[in-house]
Amino acid sequence: MIMIQKDYYLIAFENTHSAMTAEGILKKCVNISMIPTLREISAGCGISIRFEDEHPKKVEEIFVEASFEKKRYQFYQISHKNGQIFPKEIDL
Amino acid sequence: MSKIIDAMGKACPMPVIMAKKEIETNRSDFIITVDNEIAVENLKKLALNKQYHIAVSGNDMCFELQFTAEGSSIFKTTEEVLIKPKASTPKEDWVVFMGKDHIGEGDFELGNSLAKMFFYTLAEAETVPESILFMNSGVKLVVEDEQIVGHLKMLADKGVEILVCGTCLDYYKIKDNLKIGTISNMYDITEKMFAAAKVITL
C-alpha cells in the first residue's frame with residue numbers, strides 16, 4: 001500500500017518544558033498534535049508540535065503575545081518525496 | 001416458546017454470564033431482558049462469538065434480546081438484526097493495553113503527552129496491532145482527547161479493533177461521549193490478551 005503523506009509544519013523545542021508550555025499556549029486556538037521529534041531534526045527535546053491548518057506566522061504571533069521567547073523553538077516545514085522526509089527550517 | 005431470562009437490574013458482567021449459561025446448555029433460542037446499553041453491546045458480542053443471531057427490541061430502559069442459534073430451524077429472518085463478522089484483515093498478533101490516561105509514572109502532563117505521541121507513532125507505523133484495549137482511566141483518552149481519537153480513527157480504518165471497558169466508562173460517567181471503539185467487557189478484553197502472542201502494556 002502506498003501512503004501519500006501530507007506536508008505539514010512542525011515546531012521543535014529546546015527542551016521538554018518549552019514543548020509543554022507551547023502546547024498549553026496553542027491548544028485552545030490552533031489545531032495541533034503532539035508528535036515525536038523527527039529523527040531528521042536535531043533538537044533538545046523529543047516532543048514536537050505538528051500543525052497544518054494555520055500559517056506559522058499566525059502561530060508565532062500567538063507565541064509573541066504569550067511572551068514565549070523565540071530562542072525556545074524553531075519552525076520547520078516538513079515535506080515528503082519518494083518516501084523520504086525533508087524538513088526545512090523556516091525563519092519568520 | 002423461547003425461554004425468557006430476566007437480567008433486569010443486573011450489572012455487567014452478570015447478563016453475559018447468564019446468557020453464556022444458556023448457550024452452554026446448547027439452547028438454540030432464548031430471550032434475555034436487560035436494562036442498560038452496555039449489557040446490550042456485550043450480549044451482541046457474545047452472540048457474535050458463539051454464532052448466534054440476535055434481535056434487539058426495546059427502548060433505553062428495557063431491552064429484549066432474542067438469541068437464536070445460527071442454523072436453527074426456528075430461525076426467522078424478519079425483524080432480525082444480523083451481526084456479521086467483519087472481513088478479516090491481516091494484522092499482527094499483538095495487542096496494546098492502555099490501563100491509564102498517561103504513559104509511565106511521574107509527571108501527569110508529560111505522561112499524557114507521551115500517550116498522544118505513542119498513538120501518533122502507532123498510527124503512522126507500518127504494522128498495526130490486532131486490537132487496542134482501554135481500561136480504567138485509559139478510557140478517558142477515547143472520550144476526551146481529540147488528538148488520540150483522530151489517531152485511533154486511522155488505526156480503526158486499518159482494521160485495528162478498539163475495545164473500551166464499559167464498566168470504566170460508566171464509572172467515570174463518560175459512556176455517552178465515546179468517540180470511537182466498541183464498548184466492551186472483562187471477558188472480551190482478557191480473551192484478546194490471552195489470544196495474543198504479545199501484550200504491550202503502557
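What covers the buried residues of α1(B)? In this predicted model, the cover includes β1 (3-6), β2 (29-34), α2 (37-49), β3 (52-58), β4 (63-69) and α7 (186-195) of chain B. The helix itself spans residues 14-24 of chain B, and its buried residues are B:Pro15, B:Val16, B:Met18, B:Ala19, B:Lys20, B:Glu22 and B:Ile23. An α-helix has 3.6 residues a turn, so residues three or four places apart point the same way. After α1(B) comes B:Asn26, which has a positive phi, near 60 degrees.

Chain B also contributes to the largest nonpolar core, a set of 37 residues in which B:Met98, B:Phe119, B:Ile132, B:Phe134, B:Val139, B:Leu152 and B:Leu155 touch the most other members. At least two residues of this core are supplied by each of β5 (94-98), α3 (108-124), β6 (131-134), α4 (141-144), α5 (146-157), β7 (161-165) and α6 (166-171) of chain B. The largest share, 5 residues, is that of β5(B). When residues up to four places away in sequence are set aside, B:Met98 touches B:Ile103, B:Ala115, B:Phe119, B:Leu133, B:Phe134, B:Met135, B:Gly138, B:Leu141 and B:Leu202. Another core, of 23 residues, lies apart from the largest one; among its members are A:Met20, A:Leu26, A:Met34 and A:Val59. In soluble globular proteins, nonpolar side chains tend to be buried together.

Chain A comprises 2 helices and 5 strands, which follow one another along the sequence in the pattern β-α-β-β-α-β-β. Of its 92 residues, 42% count as buried. Among the contacts in chain A with a separation of 6 or more, 62% involve residues 24 or more positions apart. The accessible surface of this chain amounts to about 5,700 Å², and carbon and sulfur atoms account for 48% of that area.

The cysteines were examined next. Over all chains, the count is 1 disulfide, and the bond joins B:Cys165 to B:Cys168 with an S to S distance of 2.4 Å. The torsion about this S-S bond is about 80 degrees, and the disulfide is therefore right-handed. Since residues under 20% relative accessible area count as buried, both partners qualify: B:Cys165 has a relative accessible area of 6%, and B:Cys168 has a relative accessibility of 11%. By contrast, A:Cys29 is partly exposed, at 45% relative accessible area, and B:Cys62 is likewise partly exposed, at 35%.

Methods. Residues are numbered from 1 along each chain as its sequence is written. Chains are lettered from A and ligands numbered from 1 in the order in which they are written. This is a predicted model: local features need pLDDT of at least 70, side-chain atom pairs count only at pLDDT 80 or more; totals for chains, interfaces and linings use all residues. Side-chain values use heavy atoms; hydrogens and water are left out. Helices (H or I, at least four residues) and strands (E, at least two) are DSSP runs, numbered from the N terminus. Buried means under 20% relative accessible area, exposed over 50%, partly exposed in between (1.4 Å probe, protein chains only). Contact means heavy atoms within 4.5 Å. Accessible areas come from the Shrake-Rupley method with a 1.4 Å probe; for residues, only the protein chains shown count as cover. A disulfide is a pair of cysteine sulfur atoms within 2.5 Å. A nonpolar core is a set of buried Ala, Val, Leu, Ile, Met, Phe, Trp, Tyr and Cys residues joined through side-chain atoms within 4.5 Å.
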